[in-house]
Amino acid sequence: MLDEDLKFAIGLTLIEGVGPVTAKKLIAYCGSAEAVFGEKKAKLIKIPDIGEYTARQVVKSDVLNRAEKELIFIRKNKITPHFYLDDSYPQRLKYCEDGPLVLFSLGKMNMNENKMISIVGTRKPTDYGKSFCEKLVHELAEQNVTVVSGLAYGIDICAHRACVQNNLPTIGVLAHGLDMIYPSTHRSTAKKMLENGGLLTEFLSKTNPDKENFPKRNRIVAGMTDATLVIETSVKGGSVITANLANDYNRDVYALPGRAGDEYSGRLVRFGVEP
């Protein structure tokens, strides 16, 4: 994707009230991201479900300067952008209506491998959960599977580290920009992941890992893989959000069986997801 085209695509993501669904609709009707910015308000209003407010936000928006600064950051740090119509964009995620308009990656990754699985779970796993995760990843190493997770504490980082140890491709999806690593204690693992997999995000630089960003991150984890495996989770854990999203995307969802009385076992059934 040319820098000029990318600038307008990034600009669309910065317009208040314009999410991935609306942005894709605007591009479909106008022909390109650049054409959206050049369209008149009267024509934008005629696009189904756009309305007065969104049309006004597009016309009056002053976001291209910020988009240009992001382009400089991308070039300087050798980040690869993936527009939703690019071949490099996760094909599985294209089938998700709310998939990001643009993704940004660092590393050596193929987001369209034949076999891709998400491994998520509690931030406070038991020894049983960690042991199962490590053993599973070791066995997956013979199957050419790419493992996706969120680089968080607990099961996420356990899965990533096991992949690094077994030379298995692994992708960490972030809830912030690529100018930082959160949590910072996972920086060394993230660096190793760049050699066989890497880091992926929809967020621009200088975006903090705010609470509302994690469910957005989770939809990418769920949407870019064939299946999601939950290894221990609490009732309100982010892993449940990921599992429900995967279920909504018509992907397979699996759960590690645990003892019925354990806090992080057997919770997914309550949310309508078959373990």
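Trainee: What should I keep in mind about the model and its numbering?

Mentor: The model is predicted, local features need pLDDT of at least 70, side-chain atom pairs count only at pLDDT 80 or more, and totals for chains, interfaces and linings use all residues. Residues are numbered from 1 along each chain as its sequence is written, and side-chain values use heavy atoms, with hydrogens and water left out.

Trainee: How many bridges join β7 to β8?

Mentor: Two strands pair if DSSP finds at least two bridges between them, and strands (E, at least two residues) and helices (H or I, at least four) are DSSP runs numbered from the N terminus. Here β7 (residues 227-231) and β8 (residues 252-255) run parallel and are joined by four bridges, with A227 opposite D252.

Trainee: At what angle do the axes of α11 and α12 cross?

Mentor: Axes are lines fitted to C-alpha atoms, for helices over the stretch in contact, and angles run from 0 to 180 degrees between N-to-C directions. The axes of α11 (residues 213-223) and α12 come within 8 Å and cross at roughly 50°. The two helices are therefore oblique to each other, given that angles under 35 degrees count as roughly parallel, over 145 as roughly antiparallel, 65 to 115 as roughly perpendicular and the rest as oblique.

Trainee: Which residues make that contact?

Mentor: Contact means heavy atoms within 4.5 Å; P215, N218, R219, V221 and A222 of α11 meet G238, I241, T242, L245 and A246 of α12.
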